[in-house]
Amino acid sequence: MGLLSDPNRRRALIGLLTRLNAPICVVCYMAGVAWFMGLAFEPFTLRTYMSENAMGSTMVEERFPAGERALATGREFAAHKKKTGGMPVDWLVKTMQSRGLEVFTQRFSRRLPFPDEDKERYMVKGTNVYGILRAPRAPRTEALVLSAPCTAGDNNNQAVGLLLGLAQYFRNQVYWAKDIIFLVNEHDLIGMQAWLEGYHHTNTTGMDWSPLQGRGGSIQAALSLELSSDVVTSLDLVLEGLNGQLPNLDLANLFYAFCQKIGVLCTTQGKLQRNDWDSVSGYSHAVQTMMLMAMKQASGRPWGDHGLFLRYHIEAATIKGINSFRQYKTDATTVGRLLEGMYRKLNNLLERLHQSYFFYLMSSLSHFVSIGYYMPAFGLLGVILLLRALDLWVQLGSPPPRTEDGVVDAEQISSPGVLSVLTPLVISHLTGVALYTLPVQFQEMAVEHFPVSETEAVVLTAIAVYTAGLALPHNTHRLLTGQGTEQGWKVLKLVAVLYLAVLLGCTALINFSLGFILALTLVPVAAFVTPDVPKVLSAFILVVLSPACTLLFSVFFFQELQEMPVSFMEGWMLYLSVISQGILDHALYGSLVYPLVALLVYPCWLLFWNILFWK
């Protein structure tokens, strides 16, 4: 405290920070990247453990015997689905009723803002079918959900069969203290969104759905099952939900504990756990797993039907069966016993899962990185913005230099006008508003005048508005107030740096992976850009580090991490698809990544673009 209260010492400290500002910023950036890369090294991670006492032991006896019968039911479901050309609603209702469930249906419809070319749909109509197994030993105030999406073709038929087999088996047990809801939803996430909105009496997306006629208790946890083959080699746990939300870590720990007990190979991000952590290949494997999780979380999209439960504070995950070329095989009976064990443990809960972590990254199912370990990596990048802001503040407060005659330079002493700083801020954000609203609003006009589809019109309009925005802000201040002053760009950069620091900090608190990826590219831009640097080279660097190019690089990097590299043209098509899916996810499910980038991140980047061309 004495160091800061003494004016002389404070002045000396500020002088030291300003003199060494550039070297400290470089060291902080390198340290932040190194810290993040070191998180995957096993000695630096924590071993997973069960925090919830009610689920601390896996000493329950799983007796589910009807795996083959469940597969036969799945084949019957597939035949009826093929016959009806969609969801066999009547057959599902009769089958669930024959298993002693209270069965209800829900109709829904949703018109997309533009056609979804990936899944070839525009006007979506469907029906959800769900059956409720009432708890025989409790007042029916709590519930668990087991869901299986009804997808097109031959996908996921085995999951529906196993769900119905588990429903019949659970019906004959007397130890259930919670209602169990067996849900078969149509049109994947859209059907799940309709059911969740109907169950909780909310309508946040403007979807049309019929009210639910039957309800259970307050949902404590949910699992979504994806199974498309009679045998599997491993089970993959999918955790990433809407806007980067993750379920309580105890849910992942419970899945891992039962996989270890029953002897089922389990993966996360499709990658098996390795024990050779002290080798280069073992560390590289852990880094790939952690980075895949970070990039999926940063996308903000739900990577399974479970992702929509998380917005209602319901802990949920998706269990996906993988049938690869490994010799080890697991049958449906074993998968059913694993689910039985998990639901029996969840049935013991006296309160919602809350004792373990909600913010974490996983390098494997047995090791994780908590928020206290990964936040310093972002903090080291954030310090750079604060140091640059301090340097600018000192420059603005220091007396102007004098000429050889002892006269103060008039250009240095002149203070910037309010409009010279405010105008770029307003114009940049208006450009962001245009990027957010025009692509969907102008799709019909674009289709009329150009030979493109609606989806292509939306994506190309977004790219056109993004590119046109580069020509607007850096000329506006000169049109209104004449030549900009030396003090003007410093004030604007101080505002932009502090704005970026607050924006990235708030983003990282909600979605660390998104905040960290944006910081990796935007912090160097904020640190080096001035009107005095070479224009052509600096403009090229700014464009390469812009949000759009960051997304393009992320598409290629994600494919490399999945060990599915693509050519440039294939990557470009994936890039366009990612843009359209981001806009659709925002309209359909409320994903915040697209409005965040369009309304805040892109305008903030335009401020630095404006500073580069300040005259």
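Reply: Buried here means under 20% relative accessible area, exposed is over 50%, and partly exposed is in between, using a 1.4 Å probe and protein chains only. Helices (H or I, at least four residues) and strands (E, at least two) are DSSP runs, numbered from the N terminus.

Before going on, a word on the ground rules: this is a predicted model, where local features need pLDDT of at least 70, side-chain atom pairs count only at pLDDT 80 or more, and totals for chains, interfaces and linings use all residues. Residues are numbered from 1 along each chain as its sequence is written, and side-chain values use heavy atoms, with hydrogens and water left out.

Helix 6 covers residues 157–171, and its end C-alpha atoms are 21 Å apart, which agrees with the 21 Å that its 15 residues should span at 1.5 Å a residue. That expected span is 1.5 Å times one less than the number of residues.

Now look at Asn156, in the loop between strand 4 (142–150) and helix 6. Asn156 has a positive phi of about 70°, although it isn't a glycine, and it's buried, with a relative accessible area of 3%. His187 also has a positive phi, near 60°, and is a residue other than glycine. You'll find His187 in the loop between strand 5 (179–186) and helix 7 (188–199), where it is partly exposed at 24% relative accessible area.

Arg134 makes one with Glu102, and their closest N and O atoms are 3.1 Å apart. Arg134 lies in the loop between strand 3 (121–133) and strand 4, while Glu102 is in strand 2 (residues 102–116), so the pair ties together parts that are 32 residues apart in sequence. Asp179 joins Glu102 and Arg134 in a network of salt bridges, and Glu102 is partly exposed at 34% relative accessibility. The structure holds twelve salt bridges.

Another of them pairs Asp230 with Arg75, with the closest N and O atoms 3.8 Å apart. Since Asp230 lies in the loop between strand 7 (218–226) and strand 8 (234–238) and Arg75 in helix 4, this pair ties together parts that are 155 residues apart in sequence. Arg75 counts as partly exposed at 48% relative accessibility, and Asp230 likewise counts as partly exposed, at 36%.

Helix 4 spans 67–84, and Gly85 lies in the loop between it and helix 5 (89–98). Gly85 and Pro376 are 291 residues apart in sequence and 53 Å apart in space, C-alpha to C-alpha.

Key
A salt bridge is a side-chain nitrogen of Lys or Arg within 4 Å of a carboxyl oxygen of Asp or Glu.
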